[in-house]
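Subject: Handover of a structure and findings

Dear colleague,

Please find the structure below, followed by an account of what was found in it.

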Amino acid sequence: MKTEAKLSSIFDFQRFAHNKKLQSLIDDTESRYACSLTDDDLEWVNAAGEIESKDTKDNDGDK
Amino acid sequence: MTAISKNDCESIFKEYRNKIAGYVSSKINNRAEAEDVVSDIFLKICKNIEKFDSAKASLSTWIYTITRNTVYDRLKAARTFRIAELSDNMPSQENVEDNLVSEDMLDKLACMLEKLSQNERDLIILIYYKKLDRKRVADFLGVTYGQLRYLHDKTIQKLEKLLK
């Protein structure tokens, strides 16, 4: 397996396993790039530019 | 070796429910569908628990593999997946031997990332964990796209020794 694919696999496993040491490094990076939203994150940004929670979005559909 | 039976399903459910639900919700935005997938995963775990072989993988890795494959099968079926999220190495079956990841690898990767410079570490996390577009990563790091490619290749070479 190529190194890039292996990295993707390990980071994917991290989403399941939540290794504390690795998570602290991820959190550190995310704190410095807090404005960097993924495409998934952008789905939850409303017209005012505020980030809605997924729960709020789901509940809106029930109204 | 301690054998695991169907009677252990309840304790496995309690121990792994949050991990499975967290992983599933990170991949599937629709809450109702995510809950359905979590139920599907637990059914598969309980149905196959007596086939689990601790000599081949840890219970955590085995459960993760079932979880991941169930999620990707669902995404493929719904055709709602993003191409970037599908690994070229995604196995079609719950065969953990060919594509083994382990808790040890997470510790090793964390140790290796600590040895990198801040820019190198951010680059790896933003590309391979956050799945950000490389041009956006270049912007965030304040480098040109060409510089990012050079930095990426150099960092990958450093990590290759660990990940072999």
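C9(B) is buried, at 11% relative accessibility; here buried means under 20% relative accessible area, exposed means over 50%, and partly exposed covers what lies in between (1.4 Å probe, protein chains only). This is a predicted model, in which local features need pLDDT of at least 70 and side-chain atom pairs count only at pLDDT 80 or more, while totals for chains, interfaces and linings use all residues. Residues are numbered from 1 along each chain as its sequence is written, chains are lettered from A and ligands numbered from 1 in the order in which they are written, and side-chain values use heavy atoms, with hydrogens and water left out.

Disulfide

C9(B) is joined to C46(B) by a disulfide, with an S to S distance of 2.5 Å; the criterion is a pair of cysteine sulfur atoms within 2.5 Å. The two cysteines are 37 residues apart and link distant parts of the chain, C9(B) being in helix 1 (residues 9-27) and C46(B) in helix 2 (residues 31-48) of chain B. Helices are DSSP runs (H or I, at least four residues), numbered from the N terminus. C46(B) is partly exposed, at 23% relative accessibility. A search of the whole structure finds 1 disulfide over all chains. Another cysteine, C111(B), is partly exposed at 31%.

Nonpolar core

The largest nonpolar core has 55 residues, and those with the most contacts inside it are F11(A), I20(B), I45(B) and I124(B). Such a core is a set of buried Ala, Val, Leu, Ile, Met, Phe, Trp, Tyr and Cys residues joined through side-chain atoms within 4.5 Å. Helix 3 (residues 59-78) of chain B gives the most to this core, with 8 residues. Beyond four places in sequence, I124(B) has contacts (heavy atoms within 4.5 Å) that include L7(A), F11(A), L113(B) and Y129(B).

Aromatic pairs

Over all chains, 9 aromatic pairs are found. Rings of Phe, Tyr and Trp (its six-membered ring) pair if their centres lie within 6.5 Å; planes under 30 degrees apart count as stacked, over 60 as edge-to-face and the rest as tilted. F16(A) and Y16(B) are stacked, at 6.4 Å centre to centre with 15° between the planes. This pair crosses between chains, from helix 1 of chain A to helix 1 of chain B. F16(A) also forms a tilted pair with Y64(B), the centres being 5.4 Å apart and the planes at 50°. That pair likewise crosses between chains, with Y64(B) in helix 3 of chain B. Both F16(A) and Y64(B) are buried, and Y16(B) is buried too. Ring pairs link F13(A), F16(A), Y16(B), Y23(B) and Y64(B) into a cluster.

Helix 4 of chain B

This helix (residues 103-115) has 13 residues and reaches 19 Å from its first C-alpha to its last, close to the 18 Å expected at 1.5 Å a residue; the expected span is 1.5 Å times one less than the number of residues. Its buried residues are L106(B), L109(B), A110(B), M112(B) and L113(B).

Yours sincerely
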